[in-house]
Amino acid sequence: MFLGRRWFFPSALIHELDPDAARSGRRPRRTARDWVVDFTCFLLAVGIGMLGADTVTDNPAVPHSLAALDQVIGALSCGAIWLRRRWPLGLAAVMLPVGFVSETSGGVAVIALFSLAVHRPFRYVAWVGGAHAVLVPLYFWWRPDPELPYLASIVLLTVLLAAVVGWGMFVRSKRQLMLSLRDRARRAETEARLRAEQAQRGAREAIAREMHDVLAHRLTLLSVHAGALEFRPDAPREEIVRAAGVIRESAHEALQDLREIIGVLRTGESEDAGRPQPTLAALDTLVTESRAAGMKVTLDHRVPASAAVPASVGRTAYRIVQEALTNARKHAPGTEVTVSVTGGPGEGLTVSVHNPPPQGDVPPVPGAGQGLIGLTERATLAGGTLEHGRTPDGGFEVRARLPWG
């Protein structure tokens, strides 16, 4: 991710940005930048401690033993600088009383406060920083600076602590910004991947629905006429010829439709490519085909301007009638199916397909049962509704309402 500039970034930031490192649970290893910063902080703490040690040694009011103890505490505090990344809150809390009693530890206390502001939320910084602000007047009351007035010393150290806290919070905000940008980029990638998967799923569902709607009608015709030839081998020659012609035409149309769908899969073209898609004006041809297959179909077409119906609405209405006729042919053979299409601009389009209950027992017909589900999805996508179910007389009805105008 960092491509050779890894040494330039803090180890804590790399640990947060690298998901593999974050999941491993291991502590981040110091980078070259961390070593430089930590060594600089150590030298700065030692330099401030040496200045404090000179001040304590030159102060006649401080006993020699107390000055030596102050220097020992300062040396230990400088060594604790190397723990500031692992325990920033603990080091800052410990250095609060230590820095108050030891003048040579003042630099370590300031650096620990800065580390706390970088690595921990503001609530911890507020508690420790507030405690420092409270102890500043007491510190200079207990150990007044011989070169500065009491009030000036308080103001100077308070400003220094505020600057250190502000600088640390600025560094933390920059790191949080990088993390938020990382999270935003990951969310964008995830959302893009989900949108692509949804688009692919929608395309597959549309192709599957189209294959079902197109091929089920043709294959049902093949099944009906092939079954008639199987069970009536002694039928008149004219009926055999007619049935064979229907089988041939249906097989040819099924192959054409299947070729178009495969072409869509190969080229990625829309379903409107290839041969013109059927619309409401093609209902007469659909009914004629069904009658030629031996069905009894009554068409009540009361739409004055079929050509004015939007193409998508007309195609949806055609597919609804096609699937309903296919289901009637499979589940209620020999019954008279009534197809009704009414409506106009502004009032919508109503499509109804009804068949009475079949006479006698009907052998079960294999099927996935997805036809009516696909029709409901089609009607919903077109902005309409579709209802289906048993009628009081024991028959079955499919009724759809589609928008128009």
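1. A residue is called buried when its relative accessible area is under 20%, exposed when that area is over 50%, and partly exposed in between, with a 1.4 Å probe and protein chains only; by this rule Arg302, with a relative accessible area of 53%, is exposed.

2. The structure is a predicted model, in which local features need pLDDT of at least 70 and side-chain atom pairs count only at pLDDT 80 or more, while totals for chains, interfaces and linings use all residues. Residues are numbered from 1 along each chain as its sequence is written, and side-chain values use heavy atoms, with hydrogens and water left out.

3. Helices (H or I, at least four residues) and strands (E, at least two) are DSSP runs numbered from the N terminus, and two strands pair if DSSP finds at least two bridges between them. Five strands make an open sheet with mixed pairing, in the order β1-β2-β3-β5-β4. At its edges lie β1 (296-302) and β4 (385-390), each of which pairs on one side only. Strands β1 and β2 (residues 336-344) run parallel and are joined by seven bridges; Val297, for example, has Val337 in β2 as its bridge partner.

4. Helix α10 (residues 283-292) packs on this sheet and touches β1 and β2, where contact means heavy atoms within 4.5 Å. Its direction makes about 170° with that of β1, given that axes are lines fitted to C-alpha atoms, for helices over the stretch in contact, and that angles run from 0 to 180 degrees between N-to-C directions. Helix α11 (residues 311-331) also packs on the sheet, and its direction makes about 5° with that of β3 (348-355).

5. The axes of α10 and α11 come within 10 Å and cross at roughly 10°, so the two helices are roughly parallel to each other, a label for angles under 35 degrees. Among the residues that make this contact are Leu283 and Leu286 of α10, and Tyr318 and Val321 of α11.

6. The structure holds four salt bridges, each being a side-chain nitrogen of Lys or Arg within 4 Å of a carboxyl oxygen of Asp or Glu. In one of them Arg84 meets Asp38, with the closest N and O atoms 2.9 Å apart; Arg84 lies in the loop between α4 (64-79) and α5 (88-101), and Asp38 in helix α3 (residues 32-58), 46 residues apart. Arg84 counts as buried at 4% relative accessibility, and Asp38 counts as buried at 0%.

7. Asp300 and Arg302 also meet in a salt bridge, at 3.3 Å from N to O. Here Asp300 is partly exposed, with a relative accessible area of 28%, whereas Arg302 is exposed.

Methods:
Angles under 35 degrees count as roughly parallel, over 145 as roughly antiparallel, 65 to 115 as roughly perpendicular and the rest as oblique.
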